[in-house]
Amino acid sequence: MQNNKSDLDDGNLDFVDQNDTKLSNTFSLFHTKEEDVLDSDPEVILEPIHSESYDLSYTCLLIPRFPAHQLKGDLVEYLSQWLQQICISYGWRLEFTTVNPEYFQWGVRVNASVAPSQFMHTIRNETSKFILSNFGRIAQENLSNDFWAPGHLVVLGIRPHPNEMIVQYIRLMRRQQGLYTL
């Protein structure tokens with residue numbers, strides 16, 4: 001079955017002869033008439049595409065496996081630096097960090113194709129390696145290769161977790177570890 005131009009043309013397309021290289025440098029068989037598209041529907045708003053359009057933002061939280069392992073002293077400074085290094089290495093954008101003695105919280109922007117479980121796994125593994133290799137006392141007390149308590153708190157958006165949410169999360173994690181009975 002052969003289609004002719006009148007069967008396919010809706011008035012918005014210009015057909016290009018593939019043998020005529022003077023008309024176009026592209027490989028397209030047709031071109032949209034831009035002025036026809038822009039004038040056809042006043043409700044259509046064309047926006048530029050930026051890479052940030054495909055990023056998602058998350059606010060994340062981890063707590064140390066042992067309550068006695070407080071995030072204090074040199075660990076505070078190094079932890080933020082290590083996280084920045086990890087994010088740059090993986091092409092993520094670190095928006096903020098908060099290091100509290102009981103928890104580590106940060107905001108990160110990642111490509112939409114990166115699942116939260118994926119970046120959280122990477123961050124907890126890499127920061128655990130840094131901490132356990134640079135702070136001998138913690139490594140002696142923690143027999144696992146993971147500095148962080150099981151689980152994590154991740155919320156969509158760049159907004160620090162409310163204090164009550166953090167307190168409830170810590171209480172829940174400690175109860176699951178068998179440390180709190182409430």
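The side chains of Arg137 and Glu141 meet in a salt bridge, with N and O 3.4 Å apart, the term being used here for a side-chain nitrogen of Lys or Arg within 4 Å of a carboxyl oxygen of Asp or Glu. Arg137 and Glu141 are four residues apart in helix 5 (residues 136–141), which means that about one helical turn separates them. Both are partly exposed, Arg137 at 49% relative accessibility and Glu141 with a relative accessible area of 40%; buried means under 20% relative accessible area, exposed over 50%, and partly exposed in between, with a 1.4 Å probe and protein chains only. Salt bridges that share partners also join Arg65, Arg124 and Asp146 into one network.

The model is a predicted one, in which local features need pLDDT of at least 70 and side-chain atom pairs count only at pLDDT 80 or more, while totals for chains, interfaces and linings use all residues. Residues are numbered from 1 along each chain as its sequence is written, and side-chain values use heavy atoms, with hydrogens and water left out.

By the rule above, the count comes to six salt bridges, and the table lists three of them.

| Salt bridge | Closest N to O | Accessibility |
| Glu95 – Arg93 | 3.2 Å | Glu95 29%; Arg93 45% |
| Lys129 – Glu126 | 3.3 Å | Glu126 22% |

Lys129 and Glu126 both lie in helix 4, three residues apart, about one turn of the helix. Side chains of opposite charge can pair when their charged atoms come close.

The secondary structure comes to six helices and six strands, where helices (H or I, at least four residues) and strands (E, at least two) are DSSP runs numbered from the N terminus. From the N terminus on, the elements follow the order α-β-β-α-β-α-β-β-α-α-β-α. Of the 182 residues in the protein, 30% are buried. Among contacts (heavy atoms within 4.5 Å) between residues at least 6 apart in sequence, 63% join residues at least 24 apart.

Four strands form an open sheet in the order 4-5-3-6 with antiparallel pairing, two strands being taken as paired if DSSP finds at least two bridges between them. Strand 4 and strand 6 (153–156) stand at the edges with a single partner strand each, so one side of each is left without a neighbour in the sheet. The twist averages 15° from one strand to the next. Strand 4 and strand 5 form a hairpin with two residues between them, and seven bridges join this antiparallel pair; within the pair, Phe96 stands opposite Gly107 in strand 5. Strand 3 and strand 5, which also run antiparallel, are joined by eight bridges, and Leu62 has Phe104 in strand 5 as its bridge partner.

Helix 4 lies across strand 3, strand 5 and strand 6, and runs at about 45° to strand 3; axes are lines fitted to C-alpha atoms, for helices over the stretch in contact, and angles run from 0 to 180 degrees between N-to-C directions. Ser128 lies in helix 4 and is buried, with a relative accessible area of 1%. A polar atom of the Ser128 side chain lies 2.8 Å from the backbone oxygen of Arg124. Leaving aside its neighbours within four places in sequence, Ser128 is in contact with Asn145, Asp146, Phe147 and Trp148; among these, Asp146 belongs to the salt-bridge network with Arg65 and Arg124.

A nonpolar core is a set of buried Ala, Val, Leu, Ile, Met, Phe, Trp, Tyr and Cys residues joined through side-chain atoms within 4.5 Å. The largest such core has 27 residues, and those with the most contacts inside it are Trp92, Trp106, Val108, Phe119 and Ile131. Two or more residues each come from strand 3 (55–62), helix 3 (74–90), strand 4 (93–100), strand 5 (103–111) and helix 4 (116–134), and helix 3 gives the largest share, six residues. Beyond its neighbours within four places in sequence, Phe119 is in contact with Tyr58, Cys60, Trp92, Val108, Val110, Val114 and Val154. In soluble globular proteins, nonpolar side chains tend to be buried together.

Notes: Polar contact = N/O pair within 3.5 Å; in protein donor to acceptor, adjacent residues only side chain to side chain.
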